[in-house]
Amino acid sequence: MPVEVERKYLVRDDGWRAEVARSSSLRQGYLSTDPDRTVRVRLVDGRTGYLTIKGRRVGDARPEYEYEIPAEHAAFLLDHLCLRPLIEKVRHDLDRSPGAWTVDVFSGENEGLVLAEVELSDGAAAPPVPGWSGEDVTEDDRYANSYLQEHPYRTW
(Lines give C-alpha, C1' and ligand atoms only; values in the text may rest on other atoms or scores of the structure.)
Protein backbone atom coordinates (compact mmCIF):
# COMPACT_ATOMS: atom_id res chain seq x y z
CA MET A 1 0.00 0.00 0.00
CA PRO A 2 1.43 3.43 -0.93
CA VAL A 3 2.06 5.52 2.17
CA GLU A 4 2.77 9.26 2.39
CA VAL A 5 5.11 10.18 5.24
CA GLU A 6 5.64 13.89 5.72
CA ARG A 7 6.44 16.50 8.34
CA LYS A 8 4.99 20.01 8.06
CA TYR A 9 6.40 23.27 9.47
CA LEU A 10 5.44 26.91 9.59
CA VAL A 11 8.00 29.12 7.83
CA ARG A 12 9.48 31.98 9.85
CA ASP A 13 11.56 33.83 7.22
CA ASP A 14 12.62 33.89 3.55
CA GLY A 15 15.90 31.98 4.05
CA TRP A 16 14.45 29.05 2.06
CA ARG A 17 14.38 31.12 -1.16
CA ALA A 18 18.13 30.56 -1.67
CA GLU A 19 17.41 26.82 -1.94
CA VAL A 20 14.65 26.88 -4.61
CA ALA A 21 15.30 24.44 -7.46
CA ARG A 22 11.97 24.96 -9.30
CA SER A 23 8.52 26.40 -8.73
CA SER A 24 5.01 25.54 -9.97
CA SER A 25 1.54 27.01 -9.65
CA LEU A 26 -0.98 24.67 -8.08
CA ARG A 27 -4.73 24.93 -8.14
CA GLN A 28 -6.49 22.24 -6.16
CA GLY A 29 -9.88 21.37 -4.85
CA TYR A 30 -11.65 18.64 -2.93
CA LEU A 31 -14.43 16.27 -3.89
CA SER A 32 -14.40 14.94 -0.31
CA THR A 33 -12.80 16.34 2.84
CA ASP A 34 -13.83 13.44 5.06
CA PRO A 35 -10.66 12.64 7.10
CA ASP A 36 -11.14 8.93 6.37
CA ARG A 37 -11.17 9.45 2.59
CA THR A 38 -9.98 12.78 1.28
CA VAL A 39 -10.31 13.09 -2.52
CA ARG A 40 -8.29 15.89 -4.12
CA VAL A 41 -8.05 17.22 -7.68
CA ARG A 42 -4.91 19.17 -8.58
CA LEU A 43 -3.82 21.07 -11.67
CA VAL A 44 -0.12 21.91 -11.90
CA ASP A 45 0.91 24.87 -14.08
CA GLY A 46 -2.36 24.42 -15.98
CA ARG A 47 -0.81 21.44 -17.81
CA THR A 48 -0.89 18.34 -15.62
CA GLY A 49 -3.82 17.01 -13.63
CA TYR A 50 -3.89 14.61 -10.68
CA LEU A 51 -6.57 12.79 -8.72
CA THR A 52 -5.40 11.87 -5.23
CA ILE A 53 -7.13 9.77 -2.59
CA LYS A 54 -5.78 9.87 0.97
CA GLY A 55 -6.79 7.96 4.08
CA ARG A 56 -6.75 9.14 7.68
CA ARG A 57 -3.40 10.43 8.99
CA VAL A 58 -1.84 8.57 11.88
CA GLY A 59 1.10 10.60 13.20
CA ASP A 60 3.02 11.66 10.11
CA ALA A 61 1.82 8.88 7.77
CA ARG A 62 -1.28 7.99 5.80
CA PRO A 63 -2.24 5.91 2.78
CA GLU A 64 -2.10 7.86 -0.48
CA TYR A 65 -3.04 6.94 -4.06
CA GLU A 66 -2.29 9.47 -6.80
CA TYR A 67 -3.16 9.20 -10.49
CA GLU A 68 -2.34 11.51 -13.37
CA ILE A 69 -5.45 12.63 -15.26
CA PRO A 70 -5.84 14.82 -18.36
CA ALA A 71 -5.46 18.53 -17.59
CA GLU A 72 -8.86 19.30 -19.12
CA HIS A 73 -10.52 16.75 -16.81
CA ALA A 74 -8.82 18.30 -13.77
CA ALA A 75 -9.88 21.80 -14.91
CA PHE A 76 -13.50 20.69 -15.33
CA LEU A 77 -13.57 19.01 -11.91
CA LEU A 78 -12.05 22.11 -10.28
CA ASP A 79 -14.41 24.50 -12.04
CA HIS A 80 -17.64 22.52 -11.62
CA LEU A 81 -17.48 19.80 -8.95
CA CYS A 82 -14.95 20.69 -6.26
CA LEU A 83 -15.90 22.32 -2.98
CA ARG A 84 -15.25 26.05 -2.65
CA PRO A 85 -12.99 27.86 -2.14
CA LEU A 86 -10.21 26.23 -4.13
CA ILE A 87 -6.69 26.09 -2.74
CA GLU A 88 -4.23 28.22 -4.72
CA LYS A 89 -0.51 28.22 -4.06
CA VAL A 90 2.94 28.30 -5.55
CA ARG A 91 5.00 25.25 -4.64
CA HIS A 92 8.74 25.70 -4.45
CA ASP A 93 10.78 22.48 -4.61
CA LEU A 94 13.99 22.93 -2.67
CA ASP A 95 17.48 21.65 -3.30
CA ARG A 96 17.72 20.20 0.22
CA SER A 97 18.10 16.69 1.60
CA PRO A 98 17.52 14.28 3.16
CA GLY A 99 13.89 14.02 2.15
CA ALA A 100 12.00 15.96 -0.53
CA TRP A 101 11.52 19.52 0.79
CA THR A 102 8.93 21.96 -0.54
CA VAL A 103 7.65 25.35 0.52
CA ASP A 104 4.07 26.32 -0.33
CA VAL A 105 3.18 30.00 -0.54
CA PHE A 106 -0.61 30.24 -0.45
CA SER A 107 -2.73 32.87 -2.20
CA GLY A 108 -6.45 33.50 -2.54
CA GLU A 109 -8.43 32.71 0.62
CA ASN A 110 -5.28 31.34 2.32
CA GLU A 111 -2.98 34.25 1.49
CA GLY A 112 -0.38 34.88 4.16
CA LEU A 113 0.21 31.22 4.95
CA VAL A 114 3.63 29.75 4.11
CA LEU A 115 4.28 26.09 4.95
CA ALA A 116 7.30 23.83 4.49
CA GLU A 117 6.95 20.09 4.08
CA VAL A 118 9.45 17.31 3.92
CA GLU A 119 8.32 14.02 2.41
CA LEU A 120 10.21 11.01 3.72
CA SER A 121 10.53 7.40 2.76
CA ASP A 122 8.56 5.08 5.05
CA GLY A 123 10.46 4.52 8.28
CA ALA A 124 12.99 7.33 7.71
CA ALA A 125 13.77 9.61 10.63
CA ALA A 126 12.82 13.28 10.34
CA PRO A 127 15.84 15.26 9.10
CA PRO A 128 17.32 18.27 10.89
CA VAL A 129 15.02 21.28 10.64
CA PRO A 130 16.42 24.27 8.71
CA GLY A 131 16.84 27.58 10.52
CA TRP A 132 14.16 29.29 8.42
CA SER A 133 11.48 26.85 9.55
CA GLY A 134 9.34 27.38 12.59
CA GLU A 135 6.85 25.34 14.58
CA ASP A 136 6.21 21.71 13.62
CA VAL A 137 2.51 21.57 12.70
CA THR A 138 2.47 18.02 11.32
CA GLU A 139 -0.25 16.86 13.69
CA ASP A 140 -2.20 20.13 13.74
CA ASP A 141 -5.10 19.39 11.38
CA ARG A 142 -5.73 23.11 10.82
CA TYR A 143 -2.78 23.11 8.42
CA ALA A 144 -4.11 20.28 6.24
CA ASN A 145 -5.14 21.59 2.83
CA SER A 146 -8.52 19.90 3.19
CA TYR A 147 -9.11 21.86 6.42
CA LEU A 148 -7.92 25.08 4.78
CA GLN A 149 -10.51 24.55 2.06
CA GLU A 150 -13.30 24.56 4.66
CA HIS A 151 -11.69 27.09 7.04
CA PRO A 152 -9.47 29.43 5.01
CA TYR A 153 -6.45 30.88 6.79
CA ARG A 154 -7.77 34.44 6.29
CA THR A 155 -10.68 33.63 8.64
CA TRP A 156 -8.54 32.49 11.60
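1. Glu 64 and Lys 54 are joined by a salt bridge, with their closest N and O atoms 3.4 Å apart; the term salt bridge stands here for a side-chain nitrogen of Lys or Arg within 4 Å of a carboxyl oxygen of Asp or Glu. The pair links distant parts of the chain, since Glu 64 lies in strand β5 and Lys 54 in strand β4, 10 residues apart. Both Glu 64 and Lys 54 are buried, where buried means under 20% relative accessible area, exposed means over 50%, and partly exposed lies in between (1.4 Å probe, protein chains only).

2. Please keep in mind that this is a predicted model, in which local features need pLDDT of at least 70 and side-chain atom pairs count only at pLDDT 80 or more, while totals for chains, interfaces and linings use all residues. Residues are numbered from 1 along each chain as its sequence is written, and side-chain values use heavy atoms, with hydrogens and water left out.

3. The structure holds 20 salt bridges, and one of them connects Asp 136 with Arg 7, whose closest N and O atoms are 2.6 Å apart. This pair also links distant parts of the chain, with Asp 136 in strand β9 (residues 133-136) and Arg 7 in strand β1 (residues 3-11), 129 residues apart. Asp 136 counts as partly exposed because its relative accessibility is 34%, whereas Arg 7, at 16%, counts as buried.

4. Asp 79 and Arg 27 meet through their side chains in a salt bridge of 2.4 Å, N to O. Here helix α1, which holds Asp 79, is tied to strand β2, which holds Arg 27, and the two residues are 52 residues apart. Asp 79 is partly exposed at 39% relative accessibility, and Arg 27 is partly exposed with a relative accessible area of 26%.

5. Which residues of helix α1 (residues 71-80) are buried? They are Ala 71, Ala 74, Leu 77 and Leu 78. Seen down the axis of α1, these buried residues fall within an arc of 130° (taken from the directions from the helix axis to the C-beta atoms), so they line one face of the helix. On the other side of α1, Glu 72 and His 80 are exposed.

6. The buried residues of α1 pack against β2 (20-32), β3 (38-44), β4 (48-54) and β5 (61-69), contact being heavy atoms within 4.5 Å. Helices (H or I, at least four residues) and strands (E, at least two) are DSSP runs, numbered from the N terminus.

7. Finally, Lys 8, Lys 89, Arg 91, Asp 104 and Glu 117 are linked in a network of salt bridges.
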